[in-house]
Amino acid sequence: MSEPEIYEYWLAQVRALHEHLRPNTYLLSMDEIRAGGSCEACVKRGLAMGQILGDCLTRQVAMIREANPKAEIAVWSDMLDPHHNGRKNPYYLVNGDFDGSWTTSPRT
């Protein structure tokens, strides 16, 4: 979630989806995240995984809003829920957990 190239790829996908399919609803597949925070890009940012996830979701929502300002945007809540996966520490192969992700994610 910290590699700049992934956002270029996602933006191209959102634009293509909008151009060819014009969906009214987008589902962000950001659930059951099984690894993160240990690559050089994440480590260099010096952020907790909750902050990285919140930033990632914020950027994805902005991409969709650019293509379709009225789109409905949905995301599974497990990684954002402190009573589910959001606060498990450690979480699988994640460097830490996703604690606080619910405070840095956009309200869609």
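Mentor: Happy to! Let's start with helix α1, which gives the largest share of the lining of the largest pocket, 4 residues. Keep in mind as you look that this is a predicted model. Besides α1, both β1 (25-28) and α3 supply at least two residues each to that lining. Sorted by class, they come to 9 nonpolar and 3 polar, with no charged residues. The space in this pocket is about 220 Å³.

Now turn to the two helices themselves. The axes of α1 (residues 4-20) and α3 (residues 49-67) come within 9 Å and cross at roughly 30°. Angles under 35 degrees count as roughly parallel, so α1 is roughly parallel to α3. The crossing of α1 past α3 is right-handed. On the α1 side, the contact is made by Y7, W10, L11, V14, R15 and H18, and on the α3 side by C56, R59, Q60, M63, I64, E66 and A67. In terms of class, this contact of α1 with α3 has 8 nonpolar, 2 polar and 3 charged residues.

Notes:
Residues are numbered from 1 along each chain as its sequence is written. This is a predicted model: local features need pLDDT of at least 70, side-chain atom pairs count only at pLDDT 80 or more; totals for chains, interfaces and linings use all residues. Side-chain values use heavy atoms; hydrogens and water are left out. Axes are lines fitted to C-alpha atoms, for helices over the stretch in contact, and angles run from 0 to 180 degrees between N-to-C directions. Angles under 35 degrees count as roughly parallel, over 145 as roughly antiparallel, 65 to 115 as roughly perpendicular and the rest as oblique. A crossing is left-handed if the near helix is turned anticlockwise from the far one by less than a right angle, and right-handed if clockwise. Contact means heavy atoms within 4.5 Å. Ala, Val, Leu, Ile, Met, Phe, Trp, Tyr, Cys and Pro count as nonpolar, Asp, Glu, Lys and Arg as charged, and the others, Gly among them, as polar. On a 1 Å grid over the protein atoms alone, a cavity is a set of points where a 1.4 Å probe fits but cannot get out, and a pocket is an open set with protein on both sides within 12 Å along at least five of seven lines; lining residues have an atom within 4 Å of a point. Grid points are joined across faces, edges and corners, and a volume is the space filled by probe spheres set on the points.
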